[in-house]
Amino acid sequence: MILHEKISAQLPAWRERVKNLVKEHGETVIDQVTIGQVYGGMRDVKSLVTDISFVDPATGIKFRGMSIPEVLEKLPKPDGAAIPYVGALFYLLLVGEIPTRAEAEAVEAEWARRAEVPAYVYDVLRAMPRETHPMVLFSQAVLALQVTSEFARKYNEGIKKDAYWEPTLEDALNLTAKLPVIAAFIYWLKYGDGQAPKYDPALDYGANFAHMLGVKDEKGYAELARLYFILHSDHESGNVSAHATHLVGSALSDAYYAFSAGLNGLAGPLHGLANQECLGWLIAVRDRFGGVPSRQDLYKFAWETLESGKVIPGYGHAVLRVPDPRFTAQLEYAKQHFPQDTLVQLAELVYDVVPQVLKEQGKAKNPAPNVDAISGTLQYYYGVREFDFYTVLFGVGRALGVMANLVWARALGQPIERPKSLTTAMLEEAAKK
Ligand code: CMX
């Protein structure tokens with residue numbers, strides 16, 4: 001398999017590089033930790049390593065060193081499409097190189113081969129109460145698949161540490177292949193008649209998702225699905241979903257345990273759930289004013305939100321200090337495809353007004369929009385209007401990044417995570433010194 005070959009070929013050099021770095025410079029200090037950071041969610045503490053992606057506070061995400069516009073331009077695309085294959089992005093994340101079209105299609109073919117979801121997973125989901133949040137169903141389905149883990153099976157057989165990454169890659173491919181199918185099933189189970197259209201092996205990852213979701217404009221939504229999954233794939237290692245996946249995986253829990261944990265973190269309103277909250281906020285504005293309000297009305301509305309003790313969803317970021325390029329890419333897409341849409345116009349006005357409001361409030365370190373500020377607006381346009389489903393979409397995309405990371409964490413033998421904790425008295429003592 002192409003991914004296996006490519007990673008295998010790189011591994012000796014990578015292992016040597018990391019071994020030498022740790023051996024020769026293991027004592028080199030790269031950061032200091034303050035009491036503020038210990039109490040402040042470890043913000044900015046440099047204590048993780050990944051080569052899959054990096055978030056520059058001033059420019060945003062780079063996937064394997066490439067910006068979003070570069071990725072969208074350079075990755076191979078299906079015939080007649082403007083947005084690349086999702087398989088091309090997964091290849092880039094795993095291998096670190098732009099794939100040829102044939103290589104991207106090989107990844108898509110691997111997914112098609114592995115997309116079938118065992119029937120018992122559907123039975124588990126059907127047995128759960130109808131009011132269960134889609135993220136619970138999603139995480140539950142991932143955990144239910146754990147019994148199929150190649151890593152767990154090989155580990156129990158006594159596989160050598162050097163080879164851990166190989167069954168992890170199998171798990172990563174099996175899991176990412178099945179996620180869109182499970183997501184579509186959840187969509188139909190929650191909001192339809194429980195009968196999702198069948199997976200079509202002739203379609204690419206994004207087109208298949210459009211097909212299985214049963215949207216009216218399948219071709220248009222296929223482009224959006226590819227864009228969405230690519231943009232949401234990875235955001236370096238410290239965000240909650242990526243870190244939770246890495247942390248749980250570091251105990252040698254397999255990809256299913258690890259990603260289920262990551263999804264549980266993604267389900268939080270300060271992380272992935274913000275996309276559903278954000279569209280809710282935009283619609284509340286639209287309904288209050290019967291369309292796009294004046295700048296002044298929006299300004300007042302934003303202040304009302306803040307004064308009621310709530311955050312403005314979709315704005316602010318723990319690392320970024322500029323508008324999120326994932327936001328910009330989606331805004332551009334919307335303006336190119338449906339500029340007259342009321343919610344798109346509203347999202348643009350919010351982009352103009354809310355940063356100013358947040359600056360005046362003076363609390364948020366970054367008053368600019370993040371990825372969630374517009375993602376729901378695009379889904380809404382294509383008729384995917386069930387807000388609580390949006391974080392599931394985020395989860396399908398996020399799997400690509402965290403799985404690529406898990407494969408490399410295993411390949412480079414990253415150890416179990418175990419930072420040290422202190423007591424408040426110890427910190428007070430440290431403060432006196
Ligand atoms: N609206 C109102 N207040 C905000 C705010 C916003 N959008 N963003 C930050 N603040 C406030 C924080 O609540 C915090 O207030 P307190 O001091 O009273 O606790 C203060 O500004 C400082 O926060 P910060 O250092 O700028 O931001 P954090 O790193 O603590 O948090 C984030 C980052 C994203 C959780 C925060 O900006 C937020 O809550 N935004 C709204 C929710 C959101 O869009 N989340 C999605 C993020 C993307 C993702 O992970 O998916």
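Trainee: Which residues lie nearest the centre of the second largest pocket, and how many line it?

Mentor: Before we dig in, keep in mind that this is a predicted model. The lining of that second largest pocket counts 16 residues, and Tyr122, Val181, Pro197, Lys198 and Tyr199 lie nearest its centre. Two or more lining residues come from each of helix H5 (101–114), helix H6 (119–127) and H9.

Trainee: What is the volume of the second largest pocket, and how does its lining divide by class?

Mentor: Its volume is about 380 Å³. As for the lining of the second largest pocket, ten residues are nonpolar, two are polar and four are charged.

Trainee: Okay, now cavities. How does anyone find empty space in a model?

Mentor: The general idea is to roll a probe the size of a water molecule over the atoms, which shows where empty space is left. Here, searching the whole structure turns up one cavity of 30 Å³ or more. The largest cavity holds about 30 Å³ of space.

Trainee: Let's move to the ligand. How many residues surround it, and which are the closest?

Mentor: There are 20 residues around the ligand, the closest being His271, Ile312, Gly314, Tyr315 and Lys365. Sort that shell by class and you get eleven nonpolar, five polar and four charged residues.

Trainee: Which atoms of the ligand pair up with Ile312, Leu270 and Asp372?

Mentor: Start with the backbone. A polar backbone atom of Ile312 sits 2.8 Å from a nitrogen atom of the ligand, and a backbone N or O atom of Leu270 is 3.2 Å from a ligand nitrogen atom. Asp372 uses its side chain instead: an N or O atom there lies 3.1 Å from an oxygen atom of the ligand. As for cover, the ligand taken alone exposes 890 Å², and the protein buries 76% of that.

Trainee: And salt bridges? What lets side chains pair like that?

Mentor: Side chains of opposite charge can pair when their charged atoms come close. In this model, a search of the whole structure finds 18 salt bridges. One of them joins Asp204 and Arg226, with the closest N and O atoms 3.1 Å apart. This pair links distant parts of the chain, 22 residues apart: Asp204 is in the loop between helix H9 (165–191) and helix H10 (205–213), while Arg226 belongs to helix H11 (residues 218–231).

Trainee: Last one, on backbone angles. What is the phi of Asp44, and where does Asp44 lie?

Mentor: Asp44 has a positive phi of about 70°, although it is not a glycine. You'll find Asp44 in the loop between helix H2 (35–39) and strand E1 (53–56). Now try Glu236: its phi is also positive, at about 50°, and it is not a glycine either. Glu236 lies in the loop between H11 and H12.

Methods
Residues numbered from 1 in each chain as written. Predicted model: local features only at pLDDT ≥ 70, side-chain atom pairs only at ≥ 80, totals over all residues. Heavy atoms only, no water. Near = heavy atom within 4 Å. Polar contact = N/O pair within 3.5 Å; in protein donor to acceptor, adjacent residues only side chain to side chain. Areas by Shrake-Rupley, 256 points an atom, 1.4 Å probe, with all protein chains shown as cover. Nonpolar A, V, L, I, M, F, W, Y, C, P; charged D, E, K, R; others polar. 1 Å grid on protein atoms, 1.4 Å probe; cavity = no way out; pocket = protein on both sides within 12 Å on 5 of 7 lines; lining within 4 Å. Points joined across faces, edges and corners; volume = space filled by probe spheres on them. Salt bridge = Lys/Arg side-chain N within 4 Å of Asp/Glu carboxyl O. Helix = DSSP H or I, 4+ residues; strand = E, 2+ residues; numbered from the N terminus.
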